Amino acid sequence: MSVSPASSRSPRVRRGGIAVFLVIAFGVTWALWLPLAAQAMSTGLDRMPWTFFAASAGPLCGALAASAWSGGGPGLSAWGRRTFAVRGVGPRLLEAAVMLALYLAAGWAAQVITTGTWPDPAAFGVTSKLPGLAWPLVVLVWLLTFGVGEEAGWRGWLFPALSERLSPLRAALLVGAVWIAWHAPAFLFNPTYTAMGAGAIGWAIALLCGSLLLSWMTLRAGGSIVPVLVWHAGFDLLTAADQSAGAIAATISAIVMVQGGAAGVLLWRRGRRRTP
């Protein structure tokens, strides 16, 4: 099944959609993140402000703008119907839930093995970035911000658009590269990133692998990103929690890297079958 950012029912497709997407996606996010970087380097940040989360809507805004630019109202409507389709994605949702459960089990097992202590169930999902929120509300925030905000653009629009010109593997890798670049300002103010040091190389590799995995999941769901949204929110819940720093986050990231490698092979094989 091919995935297209605009339906064939659209009366026209204007060129330049990818450029529009990139300008809006980066422009919206960086306009909110760069002031945080400036503040962090001057007076410091006491806590993560709401603009950190609002900036996640950059890729979503890019997808909306590019869909409207490329296909007008019909193109925008077609993008929305495909991207957020729920019919027939039940099995894919179950797969995402099983993956998250396995991540949790593996991460907690790694914590026990390396430290000899169990993670605190009361601290599950709790993060200092969202002080005072219990984990159900934390996962809702992750879902609506870095879930919908990012995935509506990366896998909802950019990956399908690039797949019209490139093989699925190359499209997924290119989306991953753009995804890495989009995060650049976060390395100036977000403690999670500023503390990485040389570990940023591993983070970039993991992000590329994540792009391969999520692109494959999107194709499996016929272009719907609903399973990807669940996965992304769950992944953030499990790895961004304060008590996940260290063994839990590292273990889950390692599993995703393995999955990403396997997904890359599947994307490559899919591309080979489509080649005349």
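## Basis

The model is predicted: local features need pLDDT of at least 70, side-chain atom pairs count only at pLDDT 80 or more, and totals for chains, interfaces and linings use all residues. Residues are numbered from 1 along each chain as its sequence is written, and side-chain values use heavy atoms, with hydrogens and water left out.

## Overall fold

The protein has 10 helices and 0 strands. Helices (H or I, at least four residues) and strands (E, at least two) are DSSP runs, numbered from the N terminus. The order of elements from that end is α-α-α-α-α-α-α-α-α-α.

The C-alpha trace spans about 60 × 40 × 35 Å along its principal axes. The radius of gyration of the protein is 19 Å, which agrees with the value near 19 Å for a compact globule of 276 residues. That radius is taken over C-alpha atoms, and the globule rule is 2.2 Å times the number of residues to the power 0.38.

## Packing and surface

Of the 276 residues, 48% are buried. Buried means under 20% relative accessible area, exposed over 50%, and partly exposed in between (1.4 Å probe, protein chains only). Take the contacts (heavy atoms within 4.5 Å) with a separation of 6 or more: residues 24 or more positions apart account for 78% of them.

The accessible surface comes to about 12800 Å², and 69% of that belongs to carbon and sulfur atoms. Areas come from the Shrake-Rupley method with a 1.4 Å probe; for residues, only the protein chains shown count as cover.

The protein carries 19 positive and 8 negative side chains. Lys and Arg count as positive, Asp and Glu as negative; His and the chain ends are not counted. The centres of the two sets lie 20 Å apart, with each charge placed at NZ of Lys, CZ of Arg, CG of Asp or CD of Glu.

## Helix α9

Helix α9 covers residues 226-239, 14 residues in total. From first C-alpha to last, α9 reaches 20 Å, close to the 20 Å expected at 1.5 Å a residue. The expected span is 1.5 Å times one less than the number of residues. α9 is mostly covered, with 13 of its 14 residues buried.

S211 sits in helix α8 (residues 199-220). S211 counts as buried because its relative accessibility is 0%. Leaving out residues up to four places away in sequence, S211 touches R155, A172, V175, G176 and W179. S211 and R155 are 56 residues apart in sequence, yet 8.4 Å apart in space, C-alpha to C-alpha.

A78 belongs to helix α3 (residues 58-83). A78 is buried, with a relative accessible area of 8%. The C-alpha atoms of A78 and S67 are separated by 8.7 Å, and the two are 11 residues apart along the chain.
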